[in-house]
Amino acid sequence: MHFLHRATWLRSAAGIATLLVLLSDGAAAEAAPPLLARIDVPEFLSSFPLPVYAQLRDAAGQDYVLVQADLADLNDGGWPFRILDSAAANYVLAVEFRQGARAAAAQDGFSIIHDDGRRLVVRSASPGDDIEALGLLGFQCRRLPDFPMNLDRPVRAGAANLPKAAISSNAWVSEMVASIQQTNLYVALSELTGAQPAVAGGSYTNIRSRHQNSGAGVRRATELAYEHFHALGLQPSYQAWSASGMSNRNVIGTLPGTTASSEIVVVCAHIDDMPSGATAPGADDNASGSVAVFAAAEALRRFSFERTLRFVLFTGEEQGLYGSDAHAAAADAAGDNLVAVLNLDMVAWDGNGDKVLNLYVRPGNASELDAAATLTNVVRVYGLGGGVVPVVVQETVDWSDHYSFNAYGFPAICLIEEDVADFNPYYHTTNDVLARLNMPFFTHATKAVAGAAAHLARPV
């Protein structure tokens with residue numbers, strides 16, 4: 001849904017003409033900035049009469065939207081609303097992952113205009129600085145966008161043709177799944193977290209940090225990814241991006257499809273990490289997701305598929321999903337047909353031994369539910385249930401790279417270890433190290449991702 005703001009109307013030709021007339025009469029007054037308001041809604045929405053900037057769920061399970069509109073439009077909308085702020089500003093949405101982060105943010109003097117029990121809405125004069133500081137406290141952050149969401153997203157051709165819940169065992173997929181070994185995953189994690197040296201960009205060095213601003217660290221990490229994709233025989237490429245005064249590059253490895261090459265299955269993760277500083281191993285967040293992408297690419301690259309497989313590592317995730325937003329925007333502009341996106345964000349922590357891997361899908365989204373069902377059935381069909389327990393969670397979450405694809409109409413799900421009852425306490429600290437990961441759980445989760453990607457891409 002596109003909504004024409006009053007300020008936008010004033011910038012139009014008719015609006016300017018009217019404004020000049022009013023000024024000539026001495027009766028003009030500057031239009032008031034829109035109000036930021038919360039409106040509780042009964043469920044996930046596909047349309048709304050006001051401009052929606054975020055669809056969220058609070059800690060009590062109440063769905064709500066954040067809208068920006070003037071008071072008259074809020075009253076005319078017919079929904080009970082709560083005004084959160086009355087002036088034009090930048091806002092940061094900060095989701096608490098480390099327990100106590102919300103209390104710490106309140107003590108640190110952030111301008112908190114709303115707290116829904118898990119997420120803060122922060123009024124910010126310097127979003128980049130506030131996102132970095134909130135990230136260190138244990139939040140995952142993004143800016144509230146400058147433009148409203150398009151809730152009435154188009155249905156992409158091919159997305160309805162995903163596998164349904166039932167799948168049959170495939171000898172090729174079984175071979176792919178079996179090829180993923182814990183020892184190999186451990187070596188790859190060791191190199192990406194700096195636990196042991198890695199060869200990248202012609203240097204033999206320890207990658208001590210992959211933070212967006214780490215310079216040589218994040219550069220070597222992206223070189224490592226590019227060279228890995230190249231060595232596997234994929235089509236490797238960099239994708240440069242810039243946003244909010246920052247810049248970096250994503251890394252892409254493409255395995256072209258055969259009979260349905262225009263339909264694309266994406267397996268992705270963010271390779272950047274936290275905290276800032278000289279040391280940031282980021283073993284779980286998100287060397288685990290990145291290495292799972294590497295392993296899936298290696299397992300699948302020896303086979304052919306009807307659909308194209310695209311393996312992507314993003315940067316700038318911790319600063320606000322910048323790398324994935326650039327990739328999703330470019331895919332949309334190019335008319336790419338992304339039929340399924342599997343986003344891996346922290347898939348190697350299992351502190352309580354429940355082996356839960358959450359699969360976040362938007363409520364009622366058939367394509368995402370089918371993709372999640374494919375992974376769930378891969379676990380069943382290929383005997384992985386002893387090491388990983390996939391749980392489908394129908395909830396719109398906006399704190400990882402899948403959300404960038406959702407905003408452009410692409411079906412995308414987020415795979416993450418149990419992120420509420422058993423959240424990794426070392427999140428965004430220098431103690432997020434390889435030694436604390438649950439390698440059997442991680443290995444089974446990686447096998448499940450590779451098998452799901454293979455079935456979604458249709459081996460031939």
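Visitor: How many bridges link strand β13 (residues 260-270) and β15, and is the pairing parallel or antiparallel?

Guide: Two strands count as paired if DSSP finds at least two bridges between them. Here β13 and β15 pair in the parallel sense over seven bridges. Val266 stands opposite Val341 in β15. This is a predicted model: local features need pLDDT of at least 70, side-chain atom pairs count only at pLDDT 80 or more, and totals for chains, interfaces and linings use all residues. Residues are numbered from 1 along each chain as its sequence is written, and side-chain values use heavy atoms, with hydrogens and water left out.

Visitor: Which strand pairs with β15 over four bridges?

Guide: Strand β18 (residues 412-417), again in the parallel sense. Leu342 stands opposite Ile413 in β18. Strands (E, at least two residues) and helices (H or I, at least four) are DSSP runs, numbered from the N terminus.

Visitor: How many residues of β15 are buried?

Guide: Buried means under 20% relative accessible area, exposed over 50%, partly exposed in between (1.4 Å probe, protein chains only). In a regular strand the side chains alternate between the two faces of the sheet. In β15 (residues 337-344), eight of its eight residues are buried.

Visitor: How many disulfides does the structure hold?

Guide: A disulfide is a pair of cysteine sulfur atoms within 2.5 Å. The structure holds zero. Take Cys268: the closest cysteine sulfur, in Cys414, is 9.1 Å away, so it is too far for a bond. Cys268 is buried, at a relative accessible area of 0%. Cys414 is buried too, with a relative accessible area of 0%.

Visitor: How do I read helix α11 (residues 366-381) by its span?

Guide: The expected span is 1.5 Å times one less than the number of residues. α11 has 16 residues and reaches 22 Å from its first C-alpha to its last, close to the 22 Å expected.

Visitor: What happens at the start of α11, and what just after it?

Guide: At the start, a side-chain oxygen of Asn365 reaches to within 3.3 Å of the backbone nitrogen of Ser367. Just after α11, Gly383 takes a positive phi of about 65 degrees.

Visitor: Which residues of α11 are buried, and what covers them?

Guide: An α-helix has 3.6 residues a turn, so residues three or four places apart point the same way. The buried residues of α11 include Asp370, Ala373, Thr374 and Asn377. Their cover is judged by contact (heavy atoms within 4.5 Å). What covers the buried residues of α11 includes β16 (356-361), β17 (389-394), α12 (402-406), β18 and α13.

Notes: A polar contact is a pair of N or O atoms within 3.5 Å; within protein, one must be able to donate a hydrogen and the other to accept it, and residues adjacent in sequence count only if both atoms are side-chain atoms.
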